[in-house]
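Reader: I would like to learn how to read a few local features of a model with care. Could we look at one together and take the features in turn?

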Amino acid sequence: MASVTTFDVGVTTLTDVDSISRIALDIRDMADHIERNEYRDARRIYQQGKHAPQYDVYGNEEDDYLSLQRMANAWKTGMFDEDPTWMFQMLGMADVGQSLSEVISTHGSYADAYISELLNDYSTGTLGAQASTILIVSMYATHQLWDGMQDCFAVKNGFNPEADKTGKVNPKQSFDNFIALYVGAGQTLGPDWDGDLLYELAQAGGDFFGRTTSEGEAIVNSDIRQLYQSIQRTLSNQNYCKTDQSIEMLWLLSSRIMARMYIPMVQMLIHSMAQEDQAHKVKMYAMAVIPQLSQCRPSIHLKLKGYLLDKVYDKKDFNKILSLLQQSYACLGITCGEVGTYKEGQVDEIEECPGYEKRYPMAG
């Protein structure tokens, strides 16, 4: 295996992440099979994997591939137990009176249940493949950021990752895994910007909301690349993760990345609500965004949950939902200006909203 991985979008990692980046090819092939009405083949890739090999601690390739279904159910192994994003996702899906353990038992497999249903419903088209990026890859990528932070705390407490042969504590690997899952194997540059993971999603959102650079790259993608490269520089210092300053810097950079990841989710949620032919995607994007509001806007969270998750979206509620969503941007750590102004097709232009309040510190 190579010691680093280079992506065409201007990123070279510190470690080898080629294998995990290839989960993008699974999503690509799932969509291709669905378009040919080969749903059984799409389900097989989702459940068993196809392109992303796994390796043991000695670098030997294992028999089983990494699969999207395995990623969706990683919570069952305790992988997400220390991830605030995952915990807020669970709390945000809870019914009144449910304990945390009941919530996790009921909703822990929310992504797998939703996608498995789509892959067995021939009327939903490629939505099951798209939802794998929106609900599974995004959460798994965010976990890599939290995992990198946890690994850094271990280093600060005396752990030496260079001497560890198991690879269980390796902040460089964790942060690199994040960018691999954000960009994905096969992501191309403009003018097509073809891809299958979160980078491509941000390109679509940037186009719809006029938030691209002069070169055509989504501003979100440009920001996240630069933030990741700042993480790389921090980790390239001799005493990385051993000082309070480096820990604080990694926390700040990771928080800013997580906040920017919500921007295309919000953009595409608005797009799907506004366009009649995209309404079937509303729940998918809402599942990625609305539960997170439980961390700081509980009243708005409950209203939006009622409109978007507890019932089928009704376009007559669009203006009320949009206003509530815009009021919640600060909770997600984003601003009206970062989301931008929407105009697509025959839909009246949706103006950039006024700022409601400052960002919440945790979200950057």
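Reader: Is Cys241 buried or exposed?

Author: Bear in mind throughout that this is a predicted model. A residue counts as buried when its relative accessible area is under 20%, and Cys241, with a relative accessible area of 0%, is therefore buried. Cys241 sits in the loop between helix 11 and helix 12.

Reader: What is the phi of Cys241?

Author: As a general idea, most residues other than glycine have a negative phi. Cys241 is not a glycine, and yet its phi is positive, at about 70°. Asn37, likewise not a glycine, has a positive phi of about 60°; it belongs to the loop between helix 2 (23-35) and helix 3 (39-48), and because its relative accessibility is 60%, Asn37 counts as exposed.

Reader: How do the axes of helix 11 and helix 12 cross?

Author: One reads the angle between the N-to-C directions of the two helices. The axes of helix 11 (residues 219-235) and helix 12 (residues 244-274) come within 10 Å and cross at roughly 165°; since angles over 145 degrees count as roughly antiparallel, that is why helix 11 and helix 12 are described as roughly antiparallel to each other. Their crossing is left-handed. Among the residues that make the contact are Val220, Ile224 and Leu227 of helix 11, together with Met249, Leu253 and Arg256 of helix 12, and the residues of this contact divide into 13 nonpolar, 4 polar and 3 charged.

Reader: How many of the residues of helix 13 are buried?

Author: For a whole helix, one applies the burial criterion residue by residue. In helix 13 (residues 282-289), 7 of the 8 residues are buried, so this helix is largely enclosed by the rest of the structure; the buried residues include Val282, Tyr285 and Val289.

Technical notes: Residues numbered from 1 in each chain as written. Predicted model: local features only at pLDDT ≥ 70, side-chain atom pairs only at ≥ 80, totals over all residues. Heavy atoms only, no water. Buried < 20%, exposed > 50% of the residue type's maximum accessible area, 1.4 Å probe, protein only. Helix = DSSP H or I, 4+ residues; strand = E, 2+ residues; numbered from the N terminus. Axes fitted to C-alpha atoms, helices over the stretch in contact; angles between N-to-C directions. Parallel < 35°, antiparallel > 145°, perpendicular 65-115°, else oblique. Left-handed = near helix turned anticlockwise from the far one by under 90°. Contact = heavy atoms within 4.5 Å. Nonpolar A, V, L, I, M, F, W, Y, C, P; charged D, E, K, R; others polar.
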